[in-house]
Structure formats: structure tokens, C-alpha cells
Amino acid sequence: MIDIRKHLPSIHSYEKKTTRYILPDENSSEGQFVPDIVLRYGKFSSVLRSVFRIGPYLAGCIRELKRSYKEVNDQPESFRTSIDEEGLCELKEFIFSLGIDEIGWAKTARSDIFSNQKIVYPNAIVLLMHMDRTIMESAPSKKSQKEIFRTYYALNRAVNSIKRYLNENNFHGEAGPALGGEVKYPHLAQKANLGAVGKSGLLITPTFGPCIRIAAVFTDIENLPFSKENEYMWIRDFCKSCNRCVTACPSHAIEDTSDNHHLDYTRCAVPFSTRYGCSICINSCTFFKSPFDRIRKAHMKHTHSLDFPMT
Ligand code: SF4
Ligand code: SF4
């Protein structure tokens, strides 16, 4: 079997001895690269058929990935680590102009970094881009598979543009691509108060439910508006008694644990490669099917009634 990781650009490909990297800690889990998992555990013939369908997006993703890692070492010599209010507004405006739907801010912990990865700058600008809901309703389908890779590609391009924008304004920047990446994005986005990680391992967001993809840009700007709290942690409690994704997953890849989620990616790889990127865990999720506020209200009512039982 080809070890695709060796042939794809990564942060290790452009490693510089003089750069001080932030390394993972002993609790970090290993990062997986979607095309690699699919090649290792999926069906090769289906992979080939998919490559013809999503080829342009995949090629674009890899081109942008190479750019991301190559340009990590291109940083302004004279730089700032503080941004004023006007600069922050302009930065946000620029990010939204690239088609990003939501922005969050989080400090990356070493445990967020995959055990086989590293980053240069600790402060994350977390980016969400939604996938077309109507298309994702049809998943698994050729259209939904295309939509997944369209979003990956758009995000991989966006992170490089944001990195360059930061550099042009004398800030350090490091692109964290959506396809690839060094950090557990759903957890980082949860830290940034953009949603909470559901039992499926997907980030559940108030506006788009789980129908999103995530990327990040890292910097050493110190005064970004980092979130201190997460207002969506009740979602994890909701997941304990929901289990729709667990039942719907065709390969039993989502474990029904009462607490943290656990996804067996080796099982997921088969439907992912043979059934157009699967994504049944997205469109079977309660937060995809029903409005966020209605679920929240019903959950709060239920929790409240448990807190004060009628006698
Ligand atoms: S993509 Fe499909 S196989 Fe993978 S976890 Fe989701 S539902 Fe299961
Ligand atoms: S389907 Fe239910 S258990 Fe699974 S992530 Fe969505 S809300 Fe949580």
C-alpha cells in the first residue's frame, strides 16, 4: 500500500532548524489525513472513481496545502503582536469577504495538537464554512461528495489568503488547512465558543448544525478576543440520550459512550470511500433535522423538570 503521507506536503516538509515549534503533549492523539485513511482502509476502486469526480478540488486542495506549509517560513521581519480595534474589524471584514461564515478565537493547547504534528504560533483564528444544506440532505450522493470537497478547497484557499493578509499587515500568520491540518479543529472551535463537539465527533453549531467544515489560521497576536466560556456545552448532555448518529452510521464507527465521543476512522473509511463521502452522521443528526433553538428549549425544559421532580 502506498504511504500517501510521505508524498504529500506537511509541516515537516519545510521544517527549519531555527524555527521554535510548539509540540504536542503526551495526551495528544494521532492526526489522520482523509485521503490517507481512505486509501488505507477504504476500497481502492471506489477511490479511483471518486478521484475522477472530485479530482479538480482534490488537486486544488493539495496545491493549497503545499503553499500553506511552504509559506510558514515567509514571515515579516518587523512584526506586531497586538492589534487595535480598527485592525481587528478590517481583519474580520477581510475574512468574511472570502466566504467564511463564522469566526472564533482560541488559544491552542499542546494537547490540541496531533501527536504527529506541530505548529509555530499558538493563537488560533478558527473559521467555519457551511456546506449547502439541500445538497447535504441527499448524502450519500455524488453531489454531496462534491460539496464536501468544494468546501475543503474553499477553506484551504481562504487560510492562505488570510495568512498573507496578516503578513502584509506586519503580523505573523500560519495557515491551518481544512483538509490536512495539525490540530483537532472541532475541539478548537468548541474552545472558541462556535459550538460543541457532538457524539459523532462533529462540531454542532447554532446556525448550521453539523453541516460545516473547519479550518484555522495561527498567529502570535496576543490581544485577540479569545472566548473564555462555551455556552453550548449542554449539547454534549443532549447527545447522551440522542444517539441518532450512532444508530444511523452504516459501519458502526460511532461508539455509544455516555461521555466523550469516539469515532473509529478505520470503520468510517469504508462507507466514506464507497458511498460518496457518506456523511450520514451529518444529515441524520438531530441538529440537522430540527431548528437549534427548538432543541435547546426542549432540552432545557426537560433538564429543568428533572432538577425539580414533581412529588
Ligand atoms: S461518515 Fe458515515 S461511516 Fe463515517 S462516521 Fe459518519 S455515518 Fe459513520
Ligand atoms: S445525532 Fe444526536 S447524538 Fe449524534 S451528534 Fe447529533 S445530537 Fe449528538
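I first looked up ligand 2, whose shell consists of Gly 198, Lys 199, Ser 200, Phe 238, Cys 239, Cys 242, Asn 243, Arg 244, Cys 245, Cys 285, Thr 286 and Phe 287, where a residue counts as near if its C-beta atom, placed from the backbone, lies within 6 Å of the molecule. This is a predicted model, in which local features need pLDDT of at least 70 and side-chain atom pairs count only at pLDDT 80 or more, while totals for chains, interfaces and linings use all residues. Residues are numbered from 1 along each chain as its sequence is written, and chains are lettered from A and ligands numbered from 1 in the order in which they are written.

I noted that helices H8 (234–240), H9 (244–248) and H12 (286–289) each supply at least two residues of the ligand 2 shell; helices (H or I, at least four residues) and strands (E, at least two) are DSSP runs, numbered from the N terminus.

I then turned to ligand 1, where Cys 249, Cys 268, Cys 278, Ile 280 and Cys 281 come nearest of the 13 residues around the ligand. Two or more residues of this shell come from each of helix H10 (265–274) and helix H11 (280–283), and H10 gives the most, with 3 residues.

Last, I followed the open sheet, in which 4 strands run in the order E1-E2-E6-E3 with antiparallel pairing, two strands being paired if DSSP finds at least two bridges between them. Strands E1 (102–107) and E3 (174–176) are at the edges with a single partner strand each, so one side of each has no neighbour in the sheet. E3 pairs with E6 (residues 212–219) over 3 bridges, and Gly 176 stands opposite Ala 216 in E6.
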